[in-house]
Amino acid sequence: MLNSCIFVLTSLISATTSVTMSRSAKFGLRIPGCQSVNMSKQTSLLRFLSSPNSGHGRGGGRRSNDTQDQDDPEIQETPPEPSEREESGTRRTQFSSGEAEGEGGAHVREENNNIPGPSTASAPPQSESDTEETDSGSSATEEEEEEDESDSDSATEEAAKRPKLCDQVSLDEKAKKKKKKQYKFQDSWMTDDKGKKRWWLKHSRRRIMWCEACKKYDKSGKRNKFIKGCTSMRIKNVRKHEKRPEHKTAVKKLEAENVPVQQRPMQKAVLRMEEKKIDQMQCLFRTSFYLAKQGRPFTDFPGIMRLQKKNGIDVGQTYLNDKEARIFVDFISEEMRKKLSNAVKDSDFIAILADGSTDRGSIEEEVIHVRYLKDNLEPTTVFVALKPLDRGDAPHITEAVVTALKEDLELGESWRDKLTFACFDGAPVNMGNLSGVGVRLLEECPHLIVLQCCAHRLELVFKDVLKEVAYFSTVHDMFTTIYKFYHYSPLNWQGLKNAAEALHIQVLKPPKATGTRWLPHQERALKAITGDHPALVQHLGQLVEHGQLGSGDSRDKAKGILEVVKSVKFVLFALFLAKYLDLVCSVSKVFQDNESTLESVFRRVDSVVKSLTKLCSPLKLTRLMSEVEERDGTVLWKGSTLHMGRAQRGRPSDLAAHRGEVIRDCQQILNSTLHHLGRRFDALLSQSVLSAARVFQFSSWQQEDEEEEEDDTEDDIEEDKLRKIYRHFQRPLEVNGFELESALREWHELKRVCRTQLSGMRRPPSFKDFWVMMLRREEQEYRNVFQLLRLVLTIPIHTAECERSFSLMNRVKTDWRSCLAPACLTSLMAISLSEQSVETFDPVPAIRLWWTAGRRRPSTAPYGPRPRGETETPISDSTSSEEEQ
């Protein structure tokens with residue numbers, strides 16, 4: 001009965017409401033009572049009346065009402081729609097069904113606690129577009145954002161547990177609302193609003209993002225989620241992070257690191273320098289180069305700058321003192337050292353040359369040169385460094401050599417694979433068989449070949465001959481006596497010049513025949529005595545006859561010298577020495593030439609041996625002495641009368657007797673020279689690898705027609721020589737990719753090509769010039785066999801360059817500059833020994849190196865005595881502060 005009453009009441013209410021709404025909609029009227037009543041309230045009221053807790057009954061009326069509501073299209077619920085955001089900034093969603101105003105609606109909510117009202121309902125999650133719009137206007141901190149997210153998540157879960165009013169929503173839609181939305185990294189975040197790329201932003205599978213710059217350079221210690229990785233994938237987090245000062249600093253550091261060297265600010269600063277300032281710096285660097293090249297002191301630099309300024313050249317107002325000139329020289333030398341290091345690194349093989357001496361500051365110095373192939377083609381010997389030694393023993397010398405290879409040439413540990421030869425003088429500290437420098441280097445490089453300087457070998461031959469022939473030693477001592485007699489007495493030298501002027505002879509001052517021990521000094525001393533002999537005899541005679549022209553000591557010395565130079569034996573022996581020294585000195589000059597190679601040593605030694613052997617003939621020696629004539633019992637030479645000397649018992653005192661005695665001495669000298677030449681050079685010529693290297697000597701190749709008649713014996717011998725070179729230098733050759741079988745095949749083809757080239761030349765070229773030409777033309781075609789050729793071209797035969805460096809060291813570090821540091825002395829010598837001149841020197845690379853080093857003092861002014869009555873005025877620099885930065 002109760003259920004029937006409720007059903008009738010519900011039908012009446014529904015019919016009344018529908019009629020009222022239809023009429024109002026038809027006539028455009030608005031009924032006040034209907035404004036707050038909607039379909040949702042009707043459904044809520046029906047549920048309330050049919051609910052078992054309403055107090056009207058506990059039957060199953062709710063199921064029937066629910067079924068009826070679903071069947072009735074007019075009272076069916078509509079899904080909720082999101083409303084606009086309120087002004088307070090909070091998000092809230094209203095249901096489309098209206099809220100009843102008045103006490104009735106409130107009474108319904110109070111009695112039915114299981115039905116949530118609009119005020120307690122939570123909003124559904126926003127879409128991604130709405131999130132981005134909200135993020136741009138939000139100013140909350142990251143901590144507040146995380147709390148809002150957690151609150152919204154909890155509210156969503158709580159709302160999901162509450163019963164829904166809309167029964168028409170399917171189970172799939174309910175599950176979708178309960179599921180939390182997962183945000184991912186968007187590709188559009190890699191570009192900001194201005195179109196600039198965020199290259200520093202990285203992500204991992206779009207779940208974690210971080211900042212590459214902050215991860216590497218942010219050391220502030222402040223909280224930064226973008227270092228370890230940010231899991232909150234929001235664009236607002238990215239925008240907020242890129243506004244942090246620590247992030248901006250880190251980005252600048254990473255950008256500076258990724259910029260190429262040529263485009264870095266310091267290099268660009270050089271390009272931004274004013275053209276006027278560049279011209280000024282070039283003038284300063286060229287002047288510094290000129291001082292070092294000429295061996296002038298640094299104190300000349302301010303005076304030269306004042307002179308140039310007086311001549312109208314703009315040199316600026318700064319860097320005009322000797323301290324800056326020294327700095328400029330250091331950077332010029334450093335630039336040259338870097339170029340040398342790069343050139344040596346490009347060469348497949350190198351050789352080291354070293355020698356020791358003491359400078360003016362009583363410091364033991366070791367000069368080091370390196371021989372390499374310039375552009376891997378042309379053999380070149382250059383200065384590397386001057387190393388001061390605590391002691392001149394083998395361990396310290398070895399350490400200096402290794403340091404020069406590792407540090408000065410920047411070879412590091414690769415020097416063992418590049419170093420193939422080492423050349424020293426004959427000192428025991430270098431060539432000792434037990435613990436010399438060569439033995440110590442062999443422990444590091446087993447394939448190293450240690451050679452002794454050929455020029456020193458020849459000097460030792462000459463020294464051995466002097467010891468065996470007594471009269472040869474007497475003549476040699478007379479050269480020294482005559483040199484001292486005229487070198488230390490200006491009066492005697494002036495008297496010799498007056499005598500030569502009277503005889504119309506161009507006099508040559510007697511040079512020093514000892515000291516450096518080079519044979520050409522002996523030759524010049526002999527030429528001075530034989531060429532000035534008439535003037536020398538006249539001047540010495542005047543000193544002996546007229547005592548008032550000199551002191552008593554000078555008269556006694558002049559008498560002894562005159563007695564020797566007027567003797568027949570001395571003149572005959574001097575004529576022989578002129579021919580002898582001419583032959584030996586020609587070989588010595590070849591041994592000191594930088595263009596000489598190993599083949600020139602073999603050829604010159606063979607040539608001098610043959611010439612000395614022919615000279616041993618008495619007939620040839622007699623022809624050499626034919627200039628001395630005897631007339632009416634008087635022996636004459638160049639108009640001067642010679643005396644026979646004191647007659648000895650049992651010996652005739654005539655010209656023929658003296659000539660025979662001199663010939664015997666000359667033959668003894670020649671035989672002794674041949675003996676010592678063989679003893680000194682046999683070790684070099686018989687060395688297996690050096691002897692095998694002669695396979696590249698094209699002058700010893702057989703002609704093609706002769707080769708056709710011969711069997712393959714010659715080819716087998718040449719292949720054995722190539723194998724011998726390979727076995728000794730196997731390690732450095734394999735480092736460069738050498739293949740022995742390919743080299744043997746290329747060798748026979750190369751010989752045919754070389755014969756074709758040689759047949760078209762009018763005169764045979766030198767060994768070095770010919771092979772350098774072939775290397776330029778056929779480098780890629782015969783790559784393997786040319787590896788062996790490069791080894792042969794690298795062989796050093798002398799240390800004459802070291803001796804020249806010592807001469808330069810004594811000219812630079814004089815008694816007035818004895819405090820020069822070894823590093824500064826090395827810089828000065830490197831510039832002076834370089835091939836560049838003032839005309840060809842380019843100062844721009846050295847200026848760039850000086851600029852990047854940061855050793856600039858623009859406020860430094862030339863110092864010196866300040867003029868009286870003048871006050872100090874600040875010196876302006878044409879370089880702006882921006883350029884200095």
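Predicted model: local features only at pLDDT ≥ 70, side-chain atom pairs only at ≥ 80, totals over all residues.
Buried residues along H35 are Leu740, Ser742, Ala743, Leu744, Glu746, Trp747, Leu750, Lys751, Cys754 and Arg755. An α-helix has 3.6 residues a turn, so residues three or four places apart point the same way.

Next, display the axis of H35.

From Trp747, move to Phe696. Setting aside neighbours within four places in sequence, Phe696 is in contact with Trp747 as well as Trp701, Leu722, Phe767, Trp771, Val785, Leu788, Leu789 and Val792.

Now widen the selection to the largest nonpolar core, which has 163 residues. Which of its members touch the most others? They are Phe576, Tyr580, Phe696 and Trp771. Helix H27, residues 568-591, gives the most to this core, with 17 residues. Apart from this core lies another, of 28 residues, including Leu340, Val370, Tyr372 and Leu419. In soluble globular proteins, nonpolar side chains tend to be buried together.

Finally, colour the protein by pLDDT. The mean is 77, and 71% of the residues reach 70 or more. Select residues 22-46, where the pLDDT is below 50; this stretch has 29 contacts in the model beyond near neighbours in sequence. Then select residues 48-152, where the pLDDT is also below 50, and where 102 such contacts occur in the model.

Conventions: Residues numbered from 1 in each chain as written. Heavy atoms only, no water. Core = buried A, V, L, I, M, F, W, Y, C linked by side-chain atoms within 4.5 Å. Buried < 20%, exposed > 50% of the residue type's maximum accessible area, 1.4 Å probe, protein only. Helix = DSSP H or I, 4+ residues; strand = E, 2+ residues; numbered from the N terminus. Contact = heavy atoms within 4.5 Å. pLDDT = per-residue confidence, 0-100.
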